[in-house]
Amino acid sequence: MSLQDIKTADDFKAIISKKTRSHVLHFWAPWAPQCEQMNEVLEELAKDSHHESITFAKVKAESVPDISLQYKIAAVPTFIFLKGDSVIDRLDGAHVPELRKKVKALAGSSATYMTPPTAPKEELNTKLKRLTNSAPCILFMKGTPEEPRCGFSKQTVAMFSKHNIEFSSFNILADEEVRQGLKEYSDWPTYPQLYVNGELIGGLDILKEMETNEELDKVLPRKQDLNQRLKSLISQAPCMLFMKGDREAPRCGFSKSLIAILNDTGVQYGTFDILGDEEVRQGLKIYSDWPTYPQIYVNGDLIGGLDIIKELKASDELTSTLKGEHN
């Protein structure tokens, strides 16, 4: 079953009227990036055969204020769990493991929810090493640069903006395993945490000291002109994929399908997670004149998205194209 989209009070009544079913309602807002990520998680949960007794729906909170008030929605994302029209649980915030746990309980299933495995589960320290090296300068924070979820993260983002610092980010609220594991990995108990070239710099207090000592601009990379930055990113590897998530953990169905096709070719390729950098996510659409993701580039030239890759595969031109033999 697919994720339902509740846009009006009548849509809401139509779903709630099904007394024999359970329901998971996601109260969300389009201006909150973490809500989009949670919608993608909900899409996956809705397709799982163990959850056939549950209706999954997203509710744009600001479009149905009376319903939001009825369920005491004070922030997004918020999840309401119902049996018929009776509330039995709720979840405030973008906590993927907890969401899956509550959905499992609602379904009455004894089996742990898992997405169809495409590879063995990555060992935690390997994952953390990969994440801390995933960008030259990466901030592990609560929320996103556009929507920080704590005062310390907000101050750090403001400092970086003031100094025109180039950085990527990882929202620890969306991955409890990373949130807890990175504290031990780095021997640093609080967030935000900043890494440069895979090495821990520290948190907000350290960054403030660096700012006072005029060291911030010497240690952290400065932003390039956006077009120059995009040109550099698409040429990071001979074959470069811009996607939601990364090859070990794709965050949308299109990206997941494209990763599977690329892996079958045996061609080496790099990836960039657009969910961690809103400037790149929006800017690349204009730069490439291609409005959707994923996008794949070979030797700096746009090849296209999933449909183009499928066409190339069907015509037996994919491997040679990815190797740049048609350029």
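## A residue pair in the sheet

Phenylalanine 140 stands opposite glutamine 193 in S10. Strand S6 (residues 137–141) and strand S10 (residues 193–196) run antiparallel and are joined by four bridges. Helices (H or I, at least four residues) and strands (E, at least two) are DSSP runs, numbered from the N terminus.

## The model

This is a predicted model, in which local features need pLDDT of at least 70 and side-chain atom pairs count only at pLDDT 80 or more, while totals for chains, interfaces and linings use all residues. Residues are numbered from 1 along each chain as its sequence is written, and side-chain values use heavy atoms, with hydrogens and water left out.

The average pLDDT (the predictor's confidence in each residue, from 0 to 100) is 88 for the protein, and 94% of the residues score at least 70. Over residues 109–119 the pLDDT is below 50, and this stretch has 16 contacts (heavy atoms within 4.5 Å) in the model beyond near neighbours in sequence. Where pLDDT is low, the predicted coordinates should not be read in detail.

An open sheet is formed by four strands in the order S9-S6-S10-S11, with mixed pairing. Two strands pair if DSSP finds at least two bridges between them. Strand S9 (168–171) and strand S11 (199–202) are the edge strands, each pairing on one side only. From one strand to the next, the twist averages 30°.

Helix H7 (residues 176–186) packs on this sheet and touches S6, S9, S10 and S11; the direction of H7 makes about 65° with that of S10. Axes are lines fitted to C-alpha atoms, for helices over the stretch in contact, and angles run from 0 to 180 degrees between N-to-C directions.

## Helices H2 and H4

The axes of helix H2 (residues 33–47) and helix H4 (residues 96–107) cross at roughly 30° and come within 11 Å. H2 is therefore roughly parallel to H4 (angles under 35 degrees count as roughly parallel, over 145 as roughly antiparallel, 65 to 115 as roughly perpendicular and the rest as oblique).

On the H2 side, Met38, Val41, Leu42, Glu44 and Leu45 meet Val96, Leu99, Arg100 and Val103 in H4. The residues of this contact divide into seven nonpolar, no polar and two charged. Ala, Val, Leu, Ile, Met, Phe, Trp, Tyr, Cys and Pro count as nonpolar, Asp, Glu, Lys and Arg as charged, and the others, Gly among them, as polar.

## Helices H6 and H8

Helix H6 (residues 151–162) packs with helix H8 (residues 204–212) at an angle of about 25°, their axes 10 Å apart. H6 is therefore roughly parallel to H8.
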